[in-house]
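Notes follow in the order I looked things up.

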Amino acid sequence: MKRMAKKETVPFRGTKEQEAALMAAIEELKDQPGSLMPIMQKAQDIYGYLPIEVQTMISDATGTPLEKIYGIATFYAQFTLEPKGEYRISVCLGTACYVKGAQAVFDKLKELLGIDEGGCTPDGKFSLDSCRCVGACGLAPVMMINDDVYGRLTPDMIQGILDKY
């Protein structure tokens, strides 16, 4: 039987200021019809993601069952249960990038960062995702780190680029 590796997660680091902002948003919105989605959107704006701790605060403050909040958070693509890093890396795996070796670049990032797609390094510095097109097909393969675009990549270029951050 193959054992699943324990997934590394970033510990929840919510502040009292964030909690106060969330409670103020809930108080402002909770009596409006259909307020749960706007509350969850505001919570994600405040925290950057919706960990179980934040979902529990919303549940406690609104009286909404936690499983309903979790169901919404996992159904809609706009919500994420995982934090994003200070530096958000997105590798294009669209056709042009893929045929020019983007998968090898993506695999090198996973190896160097020690995380899988959708993951965040335990220090909260980097998160890794893929996308389908960034509109820079002539530079394939391409990745973005926040708003910085890197093109014509090879796996052996990745460490040097990460070192800049």
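I started with Tyr47, and in this predicted model it comes out at 10% relative accessibility. That is under the 20% cut-off, so I put Tyr47 down as buried.

A search of the whole structure gave me five aromatic pairs. In one of them, the ring centres of Phe12 and Tyr47 are 5.7 Å apart, and the planes meet at 35°, so I noted the pair as tilted. Phe12 sits in the segment before helix 1 (16-29) and Tyr47 in helix 2, so to speak a link between distant parts of the chain, 35 residues apart.

Then I looked at Tyr150 and Tyr165. Their rings make an edge-to-face pair, with 6.5 Å from centre to centre and 80° between the planes. I found Tyr150 in strand 4 (residues 148-150) and Tyr165 in the segment after helix 7 (158-163), 15 residues apart. Tyr150 is buried at 15% relative accessibility, and Tyr165 is buried with a relative accessible area of 15%. Ring pairs also tie Tyr150 and Tyr165 into a cluster with Tyr87 and Phe126.

Last stop was helix 4 (residues 66-75), where I noted Ile69, Ile72 and Ala73 as buried. They span an arc of only 100° around the axis, which means they lie on the same side of helix 4. The face turned away from that buried side carries Glu67 and Phe75, both exposed. What covers the buried residues of helix 4? I found helix 2 (36-47) and helix 3 (52-62) among the elements that do.

Conventions:
Residues are numbered from 1 along each chain as its sequence is written. This is a predicted model: local features need pLDDT of at least 70, side-chain atom pairs count only at pLDDT 80 or more; totals for chains, interfaces and linings use all residues. Side-chain values use heavy atoms; hydrogens and water are left out. Buried means under 20% relative accessible area, exposed over 50%, partly exposed in between (1.4 Å probe, protein chains only). Helices (H or I, at least four residues) and strands (E, at least two) are DSSP runs, numbered from the N terminus. The arc is that of the directions from the helix axis to the C-beta atoms. Contact means heavy atoms within 4.5 Å. Rings of Phe, Tyr and Trp (its six-membered ring) pair if their centres lie within 6.5 Å; planes under 30 degrees apart count as stacked, over 60 as edge-to-face and the rest as tilted.
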